[in-house]
Amino acid sequence: MTEQSEPLVQKYSENGITTLTLNQPDKKNSLSMAMLEALSEELESIAADSETRVVVLGAKGNVFCAGHDLREVREQFDSHDFQLKLFNQCSKVMQQIVNLPRPVIARVAGVATAAGCQLVASCDLAVAADTARFATPGVNIGLFCSTPMVALSRNVSRKHAMEMLLTGEMIGAVKAERIGLVNQIVDEQHLDEMVYKLARTIADKSGHTLKIGKEAFYRQLEMPLADAYEYTSEVMADNMMANDAQEGICAFLEKRKPEWKDS
């Protein structure tokens, strides 16, 4: 909780869309241990929530997320145990996002740096305001962005990832879109409109199908080609047995809107 007794992560759900909002703008929504734990708890709750079809992850203020709280880090300079616990907790949250059985859309307004950039890269989709900026600037302070590198290097090409990691320089939204860090950029005034239009499009699908597809997408990425095809063939055969797949096919052939039943 903040000094204002507000949650560090605000949660709001409507029509199958759950919005999580980082709520510590006075600290640039830094990923302190408390913020990471709060975010982890919300993600765990959503994982068990059959009503949520899609998650939107945003932040209050003009900074999406400035990465780790360096003042907190400085207070624990002598504690390797704390530093390891902090980075392990951050890694846990990023994996929770990837493993969440719901698609996650990052709504990015303002700056996303270091672990904040990692947060954007870890989300399944990202929509950014045209004023958004991104960086992995750890190299500038003697602390290479090694954990942010994991998400970044899995979402943009190696050379673009290395450029960001080695220079620490800020890139704008246009370049972020060009290298694949974000899906699209829009005028900041229309950011919510575009984000929730995308969220509603996804939320209209079968939750069961979204869960199957997201899990399969990330699992097959790390497989050799033949193994990936063998795995996804099994996934599709299993998927075909689901009520929603059979309903969707019948609805398509009968030219009507499907009625999803699987959660």
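This is a predicted model: local features need pLDDT of at least 70, side-chain atom pairs count only at pLDDT 80 or more; totals for chains, interfaces and linings use all residues.
**Ground rules.** I number residues from 1 along each chain as its sequence is written. Local features need pLDDT of at least 70 and side-chain atom pairs count only at pLDDT 80 or more, while totals for chains, interfaces and linings use all residues; side-chain values use heavy atoms, with hydrogens and water left out.

**Domains.** I looked up the division of the protein and found domain 1 (9–203) and domain 2 (206–254). The bounds come from an automatic or database domain assignment. I noted 27 Å between the C-alpha centres of domain 1 and domain 2. Across the boundary, 11 residues of domain 1 touch 7 residues of domain 2, where contact means heavy atoms within 4.5 Å.

**A203.** I then went to A203, which sits in helix α8 (residues 191–203). Helices here are DSSP runs of H or I with at least four residues, strands are runs of E with at least two, and both are numbered from the N terminus. A203 is buried, at a relative accessible area of 14%. For burial I use these cut-offs: buried is under 20% relative accessible area, exposed is over 50%, and partly exposed is in between, with a 1.4 Å probe and protein chains only. Which residues does A203 contact, neighbours within four places in sequence aside? I listed N15, G16, I17, R53 and V54. I also checked A203 against S50: they are 153 residues apart along the chain, and their C-alpha atoms are separated by 12 Å.

**Helices α9 and α10.** Next I took helix α9 (residues 207–221) and helix α10 (residues 225–240), whose axes come within 10 Å and cross at roughly 170°. The axes are lines fitted to C-alpha atoms over the stretch in contact, and angles run from 0 to 180 degrees between N-to-C directions. The crossing makes α9 roughly antiparallel to α10; the cut-offs are under 35 degrees for roughly parallel, over 145 for roughly antiparallel, 65 to 115 for roughly perpendicular, and oblique for the rest. From α9 the contact uses T209, I212, E215, A216, R219 and Q220, and from α10 it uses A228, Y231, T232, V235 and N239. I sorted these contact residues into 5 nonpolar, 4 polar and 2 charged. In that sorting Ala, Val, Leu, Ile, Met, Phe, Trp, Tyr, Cys and Pro are nonpolar, Asp, Glu, Lys and Arg are charged, and the others, Gly among them, are polar.

**Aromatic pair.** I counted 1 aromatic pair. The rule takes rings of Phe, Tyr and Trp (its six-membered ring) with centres within 6.5 Å; planes under 30 degrees apart are stacked, over 60 edge-to-face, and the rest tilted. F217 is partly exposed at 44% relative accessible area, and Y218 is partly exposed at 24%.

**Positive phi.** K28, a residue other than glycine, has a positive phi near 55°. I placed K28 in the loop between β2 (17–22) and α1 (33–47), partly exposed at 48%. K255 is not a glycine either, and has a positive phi of about 55°. K255 lies in the segment after α11 (243–253) and is exposed at 76%.

**K261.** K261 is in the segment after α11 and is exposed, with 61% relative accessibility.
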